[in-house]
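Reader: I am new to this structure and would like to understand the words used for it. Could you take me through them one at a time?

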Amino acid sequence: MSSLLLCDVRLGLRGPAVDVAVTDGRVTAIGPSLARDRDVVGCGGGTLLPGLVDAHVHATQWAVSRRRIPLAQANSAADAVAAVVEALAERPAADGELVMGHGFRDGAWPDAPHKDMLERALPGKPVALFSNDLHTLWLSAAALRMIGRSHPTGVLLENDCMAATAALPAASQEMTDAWVLAAMDAAAARGVTGIVDYEYADTVTDWLRRLDLRDPSVRVSAVVARPLLDTAIERGHRTGDVVAEMLVVGPYKLFVDGSLNTRTAYCHDRYPGQDAHGLLELPFDELVPLMAKASGNGISPAVHAIGDHANTIALDAFAEVGCAGRIEHAQLVRPEDLPRFAELGVVAGVQPAHQPDDRDVADQHWSGRTADAFPYAALLAAGATLEIGSDAPVSPLDPWDGIASAVTRTDDTRPPWHPEQAIPLTVALAAASKGRSEVRVGDVADLMVVAVDPSAVAPHELREIPVTATILAGRVTHLTS
């Protein structure tokens, strides 16, 4: 029997001082001055909350991106190239080594990325630069040759981007697994006790292999990628099935459209200055049979939809199939579609940290429609269930970033963007904790202790909330010394 005692802790926001006993992975007692007959974790007067669950992560890509040249601050293609040159001056790459960067947002850049810019700055170097949303890949001429491709600009979008990414040289499986487990340790240090892994791979197999290496710092829900539906059915997997300790089967991921930054989010209205509505990846007639096959075999659909037309199509498909599920992102939603989330039992898996990142691009490319963009308060008012994720590496795997953005609608000194769509802290915390809003006797002991009460700090300080301890099924995964 494993047991521990969290002492000198406050139970929830502005809650009373208590001790909390945990036995065999569950909360077994809450009260003042409980007996010290078990391992004691001193919490220093911190606040006890349910552990955070990042509802949308690409675990391998996040782990790898942490080792790439950061490009989020680039305000132009020229800036991005300069950042790569500066990084290589500090740590030169070996001859023939693929140079990789991550995080650029070119939707509002004054210049266009091109392979020739990389060639002029880094002659003969293979360079691969990933956009923040992973829907654009900017390759140098040498990198294109490395994967046996030619392209007029070296800027690949959507399916071309995904195919080229898969063809690029990658770290060994052993190294990648070590990086992923280390990234999960870092997530635990921010209070995370669970993730939903949307990696476009055989995530169940990948995580079974990692679990053989050591105990993980988080629970994992492993999403079924589109090409692996038949494999999942043959395995007898159903969403929610326990595959191993700390590992369950997740939903089935499908894409209706692309992304805002690449102007491939599928919209009812044309993009300004373009005769294009975005990219429709899966039309209704193709989406419905895939969703029906999955749901008919106990696998819940999770449908990527960013543009308002993509969201309409996804909701129409849920209505046609008659199953519940999820829409991932829901970044632009027409008012008449908002009530349908609750009516159809469709969870809105949202990433609030994207809103301050994308506000300028949205103002430019969704001009006149931004009142319906990232509409969290409107979704709540319509009865929808929100679950917060990061979409790491699009945003950092740190739910506090998303919580702060959901509450403040900004992440810098600018005024909040559409503040009418902000949501209360209590709602944001629950949405980032898989719906849990309090710690009770009998709960699974997936918990975190934060050094300060989140309700007692200025909203902009939420991003930097210090985490004292994280507990996963009664096991301490992080403890500030």
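Author: Gladly! Let us begin with the rings: the structure holds four aromatic pairs. Rings of Phe, Tyr and Trp (its six-membered ring) count as a pair if their centres lie within 6.5 Å. This is a predicted model, in which local features need pLDDT of at least 70 and side-chain atom pairs count only at pLDDT 80 or more, while totals for chains, interfaces and linings use all residues. Residues are numbered from 1 along each chain as its sequence is written, and side-chain values use heavy atoms, with hydrogens and water left out.

Reader: What makes Phe104 and Trp138 an aromatic pair, and why is it called edge-to-face?

Author: Their centres are 6.0 Å apart and their planes make 85 degrees. Planes under 30 degrees apart count as stacked, over 60 as edge-to-face and the rest as tilted. Strands (E, at least two residues) and helices (H or I, at least four) are DSSP runs, numbered from the N terminus. Phe104 and Trp138 also form one aromatic cluster with Trp109.

Reader: How do you know whether Phe104 is buried or exposed?

Author: Buried means under 20% relative accessible area, exposed over 50%, and partly exposed in between (1.4 Å probe, protein chains only). Phe104 has 0%, so it counts as buried. Trp138 is buried too, at 0%.

Reader: Why is Arg14 called exposed?

Author: Its relative accessible area is 62%, which is over 50%, so the word applies. Arg14 is in the loop between β1 (3-11) and β2 (17-23), and its phi is near 55 degrees, a positive value in a residue other than glycine.

Reader: And Leu134: is it buried or exposed?

Author: Leu134 has 9% relative accessibility, so it counts as buried. Leu134 sits in the loop between β8 (127-131) and β9 (136-139), with a positive phi near 65 degrees.

Reader: What makes a residue a contact of His58?

Author: Contact means heavy atoms within 4.5 Å. By that rule His58 touches Asp197, Tyr198, Glu199, Asp391, Ala392 and Pro393, not counting residues up to four places away in sequence. His58 lies in the loop between β5 (52-57) and α1 (59-65), and at 10% relative accessibility it is buried. Among those neighbours, Ala392 and Pro393 are joined by a cis peptide bond, with omega near 15 degrees.

Reader: Why are β3 and β21 said to stand at the edges of the sheet?

Author: Seven strands form an open sheet of mixed pairing, in the order β3-β2-β1-β4-β19-β20-β21. β3 (26-31) and β21 (475-479) each have a single partner strand, so one side of each is left without a neighbour in the sheet.

Reader: How do you know that β19 and β20 pair?

Author: Two strands pair if DSSP finds at least two bridges between them. Four bridges join β19 (residues 447-450) to β20 (residues 467-472), so the pairing holds, and the two run antiparallel. Val449 stands opposite Ala469 in β20.

Reader: How many disulfides are there, and how do you know about Cys267?

Author: A search of the whole structure finds zero disulfides. The nearest cysteine sulfur to that of Cys267 belongs to Cys161, 19 Å away. A disulfide needs two cysteine sulfur atoms within 2.5 Å, so Cys267 is in none. Cys267 is buried, with a relative accessible area of 0%.
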